[in-house]
Amino acid sequence: MKISRIQTLGRSDRARIYVDGDEEPRAELALDLVIRAGLAAGDELTEARLAALEAEDTGYRAREAAMTLLSHRARSRAELRRRLWRKEFEDGVIDETLAWLEERGYVDDRAFAEAFVRDRLRLKPRGRFGLLQELRKKGVDDTVAEAAIDAVLEVEGVDEATVAREAAAAWARKNRSALRKARKSREGRQRARRRLYGHLGRRGFAPDAIRVA
């Protein structure tokens, strides 16, 4: 078959390939791929070459999808796999895409986990168990997650009890009015203590750290 024309799609990076004078496009490929392949109107194009270009284009689209996802926020390897799977890319294409991203440092579960823990400690403190649970949901391996938690706590110079005290202080500031009333009776103080214990427990702090707080 012979390429009759190549049509670029507005501002996108895609191009439609028309062959043998047909009104309907025979294929749609990344414009960069078309340029690198040196395709032009009048060229002969075999089915085998077109199939190879379409396979390469699938990988191109998967990488573009992954980079778009990463442009919004960092993601774990498992998160990217799930999102690419939802976009109906095949497992082999996803594996190749993830390998490509890892080779270039775009995906690194250890770095992702450490950044996640630092953000949590700064914005929404969690205990070790809470952090581990959140990282599990994001597909980070337990060994990697635990190492990341240890590394960040060491760099920050804090332990879980210290973080629990900070979380308790933030809770107390938020509930200042209710705590003033609670101080007036033994029952009120006990009720406030139970509420704080529950709050810290839901954030994944260990019992010892909660008692210190």
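User: In this predicted model, which exposed residues does the face of α4 turned away from its buried side carry?

Analyst: That face carries E96 and E103. Exposed is the term for a relative accessible area over 50%.

User: Which residues of α4 are called buried, and what makes them so?

Analyst: They are V93, I94, T97, L98 and L101. The term requires a relative accessible area under 20%. These buried residues pack against α2 (47-72) and α3 (77-86).

User: How do you know that the buried residues line one face of the helix?

Analyst: Seen down the axis of α4, the buried residues fall within an arc of 130°, so they line one face. As a general rule, an α-helix has 3.6 residues a turn, so residues three or four places apart point the same way.

User: How do you know that the span of helix α4 agrees with what it should be?

Analyst: Helix α4 comprises 13 residues, 91-103, and at 1.5 Å a residue it should span 18 Å. The end C-alpha atoms are 18 Å apart, and therefore the two values agree.

User: Why is E88 called exposed?

Analyst: E88 has a relative accessible area of 72%. E88 is placed in the loop between α3 and α4, and its phi is positive, near 70°, although the residue is not a glycine.

User: What makes R63 count as a charge over the ring of W100?

Analyst: The charged end of R63 sits over that ring, 5.4 Å from its centre.

Technical notes:
Residues numbered from 1 in each chain as written. Predicted model: local features only at pLDDT ≥ 70, side-chain atom pairs only at ≥ 80, totals over all residues. Heavy atoms only, no water. Lys NZ or Arg CZ within 6 Å of the ring centre and 35° of its normal. Helix = DSSP H or I, 4+ residues; strand = E, 2+ residues; numbered from the N terminus. Expected span 1.5 Å × (residues − 1). Buried < 20%, exposed > 50% of the residue type's maximum accessible area, 1.4 Å probe, protein only. Arc of directions from axis to C-beta. Contact = heavy atoms within 4.5 Å.
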